[in-house]
Amino acid sequence: MAAVSPRLWAPRAWVGGRWRDRVLLEVGGDGRWSEVTPEVDAPEDAETIDGPVLPGLVDAHSHAFQRAFAGLAERRDSAHDDFWSWRDRMYGVALRIAPEQLRAIAAHLYVELLAGGYTQVCEFHYLQHDLDGHPYADPATLSHALVDAAGDAGIGLTLLPVLYERAGFTAPALRPDQRRFATSVDDVLALQQAVRGPLVTAGVAVHSLRAARPESILALAERSSGPLHIHVAEQTAEVDECLAATSCRPIEWLARHAPLDARWHLVHATHSVPGEIEAVAAKGAGVVLCPGTEGNLGDGLSDLPGWLAAGVPLAIGSDSQVTRAWPEELRWLEYGQRLRLRRRNVSAAPEAEPSTARRLFERMLAGGAAAAGFERWGLQRGARADLLVVETSDPALRGLPPDHLLDGVVFTAPARPFARAMVAGRWRPLRDGSIADRFDAAMQALWPPGGPPARRKGERG
Ligand SMILES: [Zn+2]
């Protein structure tokens, strides 16, 4: 790993929401920016960065183990295929992964996330127990596997151990194929305390309203600190079941019955009505959108214009890992709305911010930092010394006028948009042969040469 350069100088960098020229970036001994100064010449002792510099984004929603399933669920073997049939097949992966395999899969994913422009990842971590459903001798074994993987890759990690109690609104317990997920409020609090590391923080999560009892959700909110994430309203079936069980829609239930505030981050929030958006905005909670996964799973399209207009903090996540770069997520986010509304530049605000890419990037920069529990983020004094160097030598980005570079990164991006990434003042590899080899070995152990078997007739889907 390269040594720390305490002084860096970039020809251009994204400071205060716009490109600034000739920027000196100074790293303190704590791995944070001690000073960020635009419009100065390069000091002799500074390392000159060979390209424009952006802040890293937070990947606010990840299930690392699902990286082992990416590309393996794209064949339909029955009349109907939707989120629920995908989930049952995904459980097949969840039931097989051993701790060392999880570390290998997650480390490979985290290197890919760094290459895709993320310098911090929030792990919504619900795979907890041994293959038979019994806790490991150390109940935090799989948490440590994720912490070790983040260390292997050099990415920051916000671990979110998940409260997971039941199979549905009216189910008393989990299904047998959910046995590795079972946790109580006490378990989640203990898991939150169990992880440490220089780039590691921890919050908590609730799997969903269907998977946790109301009294447990309220207890966890009261007894925990840090960010609190919850899957909500991803599926219309979940909205229908929540209405039947509680007479409220899922987001409505949270707004009425949970102590929503800036700690809370609602993952997906796909199926909302305007009153729910207003209620979330009034409480200061955030929303995490996962456009690549939501498209892959056929979830539906969120009311992005509504969330943007209400000023709700927004973040993006790689979720099921079918997409692992934020430019692609932002493109999908905007394109979904263009297709839905048959308009262009839906996310832009003509008076305040005409650039779609800039408005989305700035919102995700702030919302992602909040979702990961950071008070300061980006290229500013006191924030962790993270940055990305844009690959402007790529044919896809050549010749763009400087002010349109971010638009180009989002809407005509090269396959590998970033040349380098720094986390906490250190350059991190964007490819790693030994990590990739361990991933290959884990995949070979998990899958026969033909991949996962097709479901047999009569299997639940
Ligand atoms: Zn998720």
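Ala 424 sits in the loop that joins strand β16 (418–423) to strand β17 (426–428), and the model in which it is found is a predicted one.

**Two residues with positive phi**

- The phi angle of Ala 424 is near 55°, which is a positive value in a residue other than glycine.
- With a relative accessible area of 18%, Ala 424 is buried, because buried means under 20%.
- Ser 247, in the loop between α6 and α7, also has a positive phi in a residue other than glycine, with a value near 65°.
- Ser 247 has 60% relative accessibility and therefore counts as exposed, the cut-off being over 50%.

- Distant parts of the chain are linked by the pair His 61 and His 231, since His 61 belongs to strand β6 (residues 57–62) and His 231 to strand β11, 170 residues apart.
- Both His 61 and His 231 are buried.

- Helix α2 is mostly covered, with 14 of its 17 residues buried.
- Gly 117, which follows α2, has a positive phi, near 95°.
- The axes of α2 and helix α14 (residues 433–446) come within 8 Å and cross at roughly 130°, and the two helices are therefore oblique to each other.
- The crossing of α2 and α14 is left-handed, and the contact is made on the α2 side by Gln 101, Ala 104, Ile 105, Ala 107, His 108 and Val 111.
- On the α14 side, the residues that make this contact are Ile 435, Ala 436, Arg 438, Phe 439, Ala 442, Ala 445 and Leu 446.

**Helices α11 and α12**

- Helix α11 (residues 326–341) packs with helix α12 (residues 356–372) at an angle of about 120°, and their axes are 11 Å apart.
- These two helices, α11 and α12, are therefore oblique to each other, and α11 passes α12 in a right-handed crossing.
- From α11 the contact is made by Trp 326, Leu 330, Leu 333, Glu 334 and Arg 338, while α12 provides Thr 356, Leu 360, Phe 361 and Met 364.

**Helix α7 and what covers it**

- In helix α7 (residues 250–257), the buried residues are Pro 250, Ile 251, Trp 253, Leu 254 and Ala 255.
- Elements that cover these buried residues include the helices α5 (214–223), α6 (236–246), α8 (274–283) and α10 (304–310), together with the strands β11 (228–232) and β12 (264–268).

**Single residues and their surroundings**

- Ala 285, in the loop between α8 and β13 (286–289), counts as buried because its relative accessibility is 1%.
- Not counting residues up to four places away in sequence, Ala 285 touches Leu 260, Asp 261, Ala 262, Trp 264, Leu 266, Val 280, Val 312 and Pro 313.
- Ala 285 and Ala 153 are 132 residues apart in sequence, and their C-alpha atoms are 31 Å apart in space.
- Arg 210 lies in the loop between β10 (204–206) and α5, and at 8% relative accessibility Arg 210 counts as buried.
- When neighbours within four places in sequence are left aside, the contacts of Arg 210 are Phe 83, Trp 84, Arg 87, Arg 166, Ala 167, Gly 168, Phe 169 and Glu 238.
- Arg 20, in strand β2 (residues 18–27), is partly exposed, with a relative accessible area of 22%.
- Arg 20 and Pro 38 are separated by 18 residues in sequence and by 6.1 Å in space, C-alpha to C-alpha.
- Pro 38 is also among the contacts of Arg 20, which, leaving aside neighbours within four places in sequence, are Pro 11, Arg 12, Ala 13, Val 15, Pro 38 and Glu 39.

Note on methods
Residues numbered from 1 in each chain as written. Predicted model: local features only at pLDDT ≥ 70, side-chain atom pairs only at ≥ 80, totals over all residues. Heavy atoms only, no water. Buried < 20%, exposed > 50% of the residue type's maximum accessible area, 1.4 Å probe, protein only. Helix = DSSP H or I, 4+ residues; strand = E, 2+ residues; numbered from the N terminus. Contact = heavy atoms within 4.5 Å. Axes fitted to C-alpha atoms, helices over the stretch in contact; angles between N-to-C directions. Parallel < 35°, antiparallel > 145°, perpendicular 65-115°, else oblique. Left-handed = near helix turned anticlockwise from the far one by under 90°.
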